There are 2 protein chains.
Amino acid sequence: MNKPLFERVALIGIGLIGSSLARVIRRDFPETKIVACARRPETLEAVRRLNLADETTDDPAAAVAGADLVVFATPLSAYAETGRRIAPALRDGAIVTDVGSVKTIAIRDLKPVLPAHVHFVPGHPVAGTEHSGPESGFAELFHERWCILTPLPETDPKAIAKVKALWESAGSRVATMPADHHDKVLAMTSHLPHLIAYTIVGTATDLEEDLKSEVIAYSAGGFRDFTRIAASDPTMWRDIFVANREAVLEMLQRYSEDLTALQRAIRRGDGDTLYDWFARTRTIRRSIIEAKQA
Amino acid sequence: MNKPLFERVALIGIGLIGSSLARVIRRDFPETKIVACARRPETLEAVRRLNLADETTDDPAAAVAGADLVVFATPLSAYAETGRRIAPALRDGAIVTDVGSVKTIAIRDLKPVLPAHVHFVPGHPVAGTEHSGPESGFAELFHERWCILTPLPETDPKAIAKVKALWESAGSRVATMPADHHDKVLAMTSHLPHLIAYTIVGTATDLEEDLKSEVIAYSAGGFRDFTRIAASDPTMWRDIFVANREAVLEMLQRYSEDLTALQRAIRRGDGDTLYDWFARTRTIRRSIIEAKQA
């Protein structure tokens, strides 16, 4: 049995990511007490049924009392208000971290409300599925995936090291970078792909009824990969796009210019331009396979 | 052992699809003779090494001599010229089919050059992977996937039935529809998704060097699904976009309008519009799971 990294962990929000982390803690640090906080009674009921926590509550201030690690795993739009509510209850020297997908906004909303006597270590496990809720989690979700930490210049290195150790226990590779850089990289690798998938699946649902049913029937040709992505949690993704607006719009602008160029090539029957583009993208896939992220 | 549907099958082109079909025929109809035709000597060498054919040749006219089934499995741009070359060598009553992704163009290019004494049954197995070449094929590729036939009004029903039986043996569900309708449905389910994936992966490769390497490293967040699609065969896809220009441009126009609407919602911080859109696309995924195409 591992020596526990933390005595008492408060999970604020326990959906796909929060419940997967709870499973990791249960597996690797069975002595650690877990408190799960969620707004909806049926979520807490599921947490109890799945034995993912030792205590459950819908009051975030009660949840963090005595915790030496507090993990924000709610949609981003809940950070500021929840942060204000837990602030007075936070234990001296507690570590506060999060799993949100937009780090500049996590910092903007949490840093001003957290008391000076806690350590704030913003984080983002780059992992997920199209499913949501505590039933969907699994301990292996983070295995061989990146977890990106975006600590502030003043963050205590010991607090960073403890959060890092937790994610390494989950099987993640941990990287550290500035929050604004994280948000640009993720705008390209995650936010824009999701936006595009959401768009095209919506476009398909607006087709005339006869075409639409066939689009579903014959979706094996590429479309179904997009529908999987476009089935991701709507609240979480709404918050991501609102929060990472600048970076998403910048990447979207670049993408739209490229799409227009390919559209023009199609209209003109310019096969050479299409071929050159398609041959180039094939090599990126190979890089990703070499980087072991495929 | 099944009674052979065909005595002698000529596969004109033997990449991912052609070689998978060869494996199906080897498995289900071992008495059937297979002739494989390809331009490149290394392709024919691989076919012999893998024992996918009884005879190999780079001359399509020689390949079809005596065949009662001829399968076009080359890129679409080779159809017209190859059709002209094989026409004089086709046996009386032979069935000519194809596996191309754009049926109006397959008909436009092949119908005028084929002699009246053969039966033309255009077809499209809606299946594939991002890999190409005869080494990449496997007999299960078509299992539980659709194969769409787009016969002409004058096509002999007996010829259609034999092609249908071959694809059913491959494990496919076979549907029949007009060629122009097929091309519209596939523009949405397959061609547009590929165009979008090719675009965004290309956009990412144009990023500044430091961002680019991180896009590869952190691709787990959605991007890698796109890179898989964007690794598909460049020649085949160049031909598809040139051939299905009208339908692709129409679907692209609808998609671009929707993307602009979501872009506007992001710029204005209009979370309600985003949420409603994302919640709607989730239901399409459920339809696809119910249609057993996920």
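This is a predicted model: local features need pLDDT of at least 70, side-chain atom pairs count only at pLDDT 80 or more; totals for chains, interfaces and linings use all residues.
Let me begin with the two copies, chain A and chain B. If we rotate chain A by 180 degrees, with 0.0 Å of shift along the axis, it superposes on chain B with an RMSD of 0.0 Å. That is the relation of a two-fold axis. As for what lies by this axis, the residue of chain A that comes closest to it is D225(A), whose C-alpha is at 3.5 Å. The two copies also use the same surface, since 100% of the contact residues of chain A recur in chain B.

How many residues does the contact take from each chain? It takes 91 residues from chain A and 91 residues from chain B. The size of an interface is often given as the accessible area lost when the parts come together. Here chain A and chain B bury about 8700 Å² between them, and 69% of that area is on carbon and sulfur atoms. There are charged pairs as well, for eight salt bridges are found across the interface of chain A and chain B. In a salt bridge with an N to O distance of 3.2 Å, the side chain of R280(B) meets that of D206(A).

Is G202(A) buried or exposed? Its relative accessibility is 0%, so G202(A) counts as buried, the cut-off being under 20%.

Now let us turn to T227(B), which is found in helix α9 of chain B, residues 223-229. T227(B) also has 0% relative accessibility and therefore counts as buried. Apart from neighbours within four places in sequence, T227(B) is in contact with I284(A), R285(A) and I288(A), and with V201(B) from chain B.

Finally, a look at two strands within chain B. Strand β8, residues 146-149, and strand β9, residues 173-176, pair in the parallel sense over four bridges. To get from β8(B) to β9(B), the chain passes through helix α6 of chain B, residues 157-169, and this β-α-β crossover is right-handed.

Conventions: Residues are numbered from 1 along each chain as its sequence is written. Chains are lettered from A and ligands numbered from 1 in the order in which they are written. Side-chain values use heavy atoms; hydrogens and water are left out. Two strands pair if DSSP finds at least two bridges between them. A crossover is right-handed if, with the strands pointing away from the viewer, the path from the first strand over the helix to the second runs clockwise. Copies are superposed by least squares on the C-alpha atoms of residues with pLDDT of at least 70 in both. Contact means heavy atoms within 4.5 Å. Buried means under 20% relative accessible area, exposed over 50%, partly exposed in between (1.4 Å probe, protein chains only). Buried area is the accessible area (1.4 Å probe) that two parts lose on being put together, summed over both. A salt bridge is a side-chain nitrogen of Lys or Arg within 4 Å of a carboxyl oxygen of Asp or Glu.
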